[in-house]
Amino acid sequence: MGRYLLVLRLAWRDLRRRPVEAILAVLVMAAATTTLTIGLALHGVTDHPYEQTRAATAGPDAVAGFLSEDGTPPKTADVDAVTHLPGVSAHGALMPLAHTTLAMGGRTATVQALGRSPAGDPVDQPRLTSGAWVGAGSVVLERGFADALGARVGDQVTLGGRSFHIGGTAVSAALPAYPSSLCHLLCFAGVAPGPNAFDIGLVWLTPADLATVQERTTPAVVYLLDLRLADPSAAPAFAATHGTLPGRDPGASGPFLLSWQQIRDADAGVTRSAQAALQVGAVLLALLAIAGLTVLAGRRTLEQTRRVGLLKAVGGTPGLIALVLLVEHLALAVLAAAAGLGVGRVLAGRFTAPSAGLLGSPGPASLTGTTVAVVVTAALLVALAATLLPALRAARSATITALEAPARTPRRHGRLIALSASLPVPLLLGLRLIGRRPGRAALAVLSTAVTVTGLVTILTSDAVSGRGTGGLHNLRTERLTQVTTMITVMLLVLAAANTVFLTWATVADARHASALARAFGATPSQVTGGLAAAQVVPAAVGALLGLPAGLIVYRLVTQTSLTMPSLAGLAAVLVGAILAVVVCTAIPAGVGARRPVADVLSADAA
Amino acid sequence: MSDVVLRTRRVRKEFGKGAGRVRAVDDIDFEVAAGETVAVMGPSGCGKSTLLHLLGGLQRPTGGEVVLDGRRVDEMSERALARLRRDRIGFVFQAFHLMPELTAVENVEVPALLAGRSPRAARGAALELLDRVGLADRTGHLPSALSGGQRQRVAIARALVTEPLVVLADEPTGNLDSAATSEVLRLFDRLRAAGQTLIIVTHDARIAATANRLLSMRDGALVDQTLLAEVAA
């Protein structure tokens with residue numbers, strides 16, 4: 001018991017002695033835990049609004065689609081076969097759905113035009129949010145799409161070459177609201193709905209008006225049939241059992257079945273991209289946090305070597321030494337997890353508002369037990385990964401060595417020393433510093449590589465999400481931009497902090513070598529250049545590695561074919577990252593190079 | 001005195017402020033001729049090492065002049081001081097100050113590389129000097145594999161690699177045992193005979209005995225100058 005009290009006391013005293021370092025450690029870890037918390041809190045936030053909308057609009061439990069290449073309605077027998085399936089308790093009327101182009105005020109968008117009876121239907125009753133239901137020459141726009149288009153009741157639109165006026169806006173749970181990432185019904189049959197496969201708007205009009213819309217993006221028409229099931233929760237199984245699958249039934253024309261759960265998930269697409277970005281961002285930030293903490297922990301253990309020797313001299317075991325360091329950092333990790341959960345919960349609210357295509361609001365983001373457990377575990381793992389090696393190294397150090405020689409002996413890298421001999425003085429000094437501490441150089445490579453990976457992923461995502469929106473305001477893109485901006489800022493701040501940590505660690509560690517170089521004729525600017533080169537060279541390697549890594553991460557996360565961002569953008573990231581490292585290292589390196597030589601050499605000789 | 005390479009005029013160094021101010025070097029005047037070996041002796045804390053740092057431009061004086069090779073050291077910019085140290089001065093420290101990750105020859109060639117010599121020329125000069133100090137068979141050894149005397153001989157070779165006008169040695173035998181001290185003594189004797197200008201701060205009477213002139217310091221001031229031997233023509 002006394003042993004554990006001693007561990008706690010030593011850890012607590014040490015934290016109090018170095019409050020700035022402790023705060024920095026918490027902040028570094030909190031960036032990762034906050035991002036992770038937001039990512040986890042977004043899970044399922046649009047479920048509640050969808051369910052509200054479904055209840056308010058008598059939404060179907062499943063939607064059956066029949067593909068007609070030539071536009072003729074499906075055979076009655078085929079329709080009856082679906083309506084008489086076991087589990088179907090009611091159904092709506094057969095509705096033609098065509099794909100065409102809507103133009104308004106210079107904006108164009110691919111839309112699905114759904115023919116609906118002016119009289120309405122018992123299953124799926126879109127809820128009007130403004131204006132009136134469809135009539136001759138009057139269309140109703142799905143509210144999310146109308147908002148994105150900037151359309152209001154009374155505006156004129158051109159639909160497939162014919163002019164209509166907007167009679168109203170409405171919401172529905174029978175098809176995904178705009179914007180959604182659902183591959184629309186035609187995709188089931190392998191037919192392209194138009195130039196933009198995603199984010200297709202929904203327009204209701206009368207079947208008679210639909211027949212007059214001549215200009216289509218595809219001649220194929222889908223006939224929809226809304227179904228009510230005896231057991232709505234069994235809708236996915238119903239769709240899987242009775243629906244036609246493109247892979248399983250090549251060339252089949254239907255029925256293609258969508259369950260209400262699939263539509264709900266498609267509506268969650270508004271937050272799904274942001275959620276994926278947050279989760280990738282959390283991993284990248286966690287890696288940066290590990291790099292930053294490793295530097296802090298390493299520097300701390302270096303400064304504490306004499307203390308470790310003292311503890312061992314009075315009977316402390318290697319386990320006790322390691323435990324003190326681990327307890328300190330694990331305590332900071334718990335604080336960082338708490339901070340991340342708190343801040344993340346507040347910030348998550350900014351990303352949870354559903355599309356205008358759904359009713360109601362999601363309410364505050366909740367923290368489930370799983371979220372708390374995942375975030376706390378992640379913070380502890382980050383602290384453990386960063387602290388374990390320095391802790392074990394301190395524990396294994398020989399007592400007398402620790403007492404007499406607090407500085408760790410630098411590593412020798414013969415090839416690097418030989419190579420550097422023919423280089424200009426700043427590079428000579430820089431490469432030799434890298435060779436002295438290869439682990440620190442590896443952390444600098446990792447830190448920059450992770451940052452550039454994140455930036456390239458974001459750049460690629462911007463390049464992709466900027467396409468095909470036809471100039472329409474897109475909530476998903478907007479939210480993704482908000483999230484990626486937040487992650488970018490966090491990545492840059494953490495990377496900058498890491499670079500400063502690394503440079504300070506190098507400056508402190510190279511104090512003696514720098515003073516000697518100056519005693520033998522290196523100018524302060526050459527030493528500054530050397531200290532900066534020790535950061536910039538690994539950073540350049542990291543930046544080069546980060547470019548392909550970013551493209552690969554995007555490919556892995558989105559599971560889509562690789563889309564290259566502009567070469568100018570990639571070059572800007574590469575050059576910007578290296579310049580940022582130069583800027584971040586300038587001050588610490590400059591200060592380190594100007595320490596009085598005589599003071600350093602006298603102190604080190606003492 | 002002809003061919004003066006180093007001269008000080010009322011050079012002074014103070015540390016601290018107000019009541020805590022300490023004068024480590026107090027209005028010292030002296031000159032060193034080319035080829036002369038000057039030993040500086042005095043009790044610990046009397047300002048010997050500080051004086052050496054002022055002469056080598058490692059510290060700036062609070063007042064007075066330091067002139068090396070006809071140039072005012074005390075008025076030089078940091079960049080000019082660096083060039084001066086690189087081209088005109090060699091340092092030998094009590095604690096050797098060898099870089100632990102570099103072999104003996106790599107340590108010796110550092111100043112030559114900093115001076116912009118080609119790697120081949122720097123290596124050639126370093127090997128030749130290690131041969132001169134009797135370490136031809138230890139060129140590839142790390143400092144940790146060398147004895148104290150061998151380390152100090154490596155440090156002396158490093159101080160000589162740029163063919164400096166003056167070598168400043170701060171307690172060069174302070175960390176050495178008797179046998180190692182003898183090795184270093186012989187080396188300094190050879191340097192003196194070869195006409196190398198040397199200023200040696202030391203506690204060791206044997207080292208001082210090899211000098212042409214002995215400066216005695218107390219409480220930062222120069223209290224005595226003794227001519228021990230004329231500089232060889």
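This is a predicted model: local features need pLDDT of at least 70, side-chain atom pairs count only at pLDDT 80 or more; totals for chains, interfaces and linings use all residues.
Guide: In helix H21(A), the buried residues are Val573(A), Ala577(A), Val581(A), Cys584(A), Thr585(A), Pro588(A), Ala589(A), Gly592(A) and Ala593(A).

Visitor: Where does H21(A) have a kink?

Guide: A kink of about 40° is located at Ala586(A), shortly before the proline Pro588(A).

Visitor: Which residues have the most contacts inside the largest nonpolar core?

Guide: They are Met29(A), Leu285(A), Ala289(A), Leu293(A) and Val382(A), in a core of 174 residues. Helix H10 of chain A, residues 269-303, supplies the largest share, 17 residues. Domain 1 (1-46 + 305-408) and domain 3 (410-606) of chain A each contribute at least three residues to this core.

Visitor: With which residues is Leu285(A) in contact, leaving aside neighbours within four places in sequence?

Guide: Leu285(A) is in contact with Ala31(A), Ala32(A), Thr35(A), Met490(A), Leu491(A) and Leu494(A). A second, separate core has 60 residues, including Leu97(A) and Ile263(A).

Visitor: How is the size of an interface often given?

Guide: It is often given as the accessible area lost when the parts come together. In terms of contacts, 26 residues of chain B touch 26 residues of chain A. H2(B) gives the most to this side of chain B, with six residues. The residues on that side comprise 15 nonpolar, four polar and seven charged.

How values were computed. Residues are numbered from 1 along each chain as its sequence is written. Chains are lettered from A and ligands numbered from 1 in the order in which they are written. A nonpolar core is a set of buried Ala, Val, Leu, Ile, Met, Phe, Trp, Tyr and Cys residues joined through C-beta atoms within 7 Å. A residue is buried if 20 or more other C-beta atoms lie within 10 Å of its own, exposed if 12 or fewer, and partly exposed in between; C-beta atoms are placed from the backbone. Helices (H or I, at least four residues) and strands (E, at least two) are DSSP runs, numbered from the N terminus. Domain bounds come from an automatic or database domain assignment. Two residues are in contact if their C-beta atoms, placed from the backbone, lie within 7 Å. Ala, Val, Leu, Ile, Met, Phe, Trp, Tyr, Cys and Pro count as nonpolar, Asp, Glu, Lys and Arg as charged, and the others, Gly among them, as polar. The bend at a residue is the angle between axes fitted to the seven residues ending there and the seven starting there.
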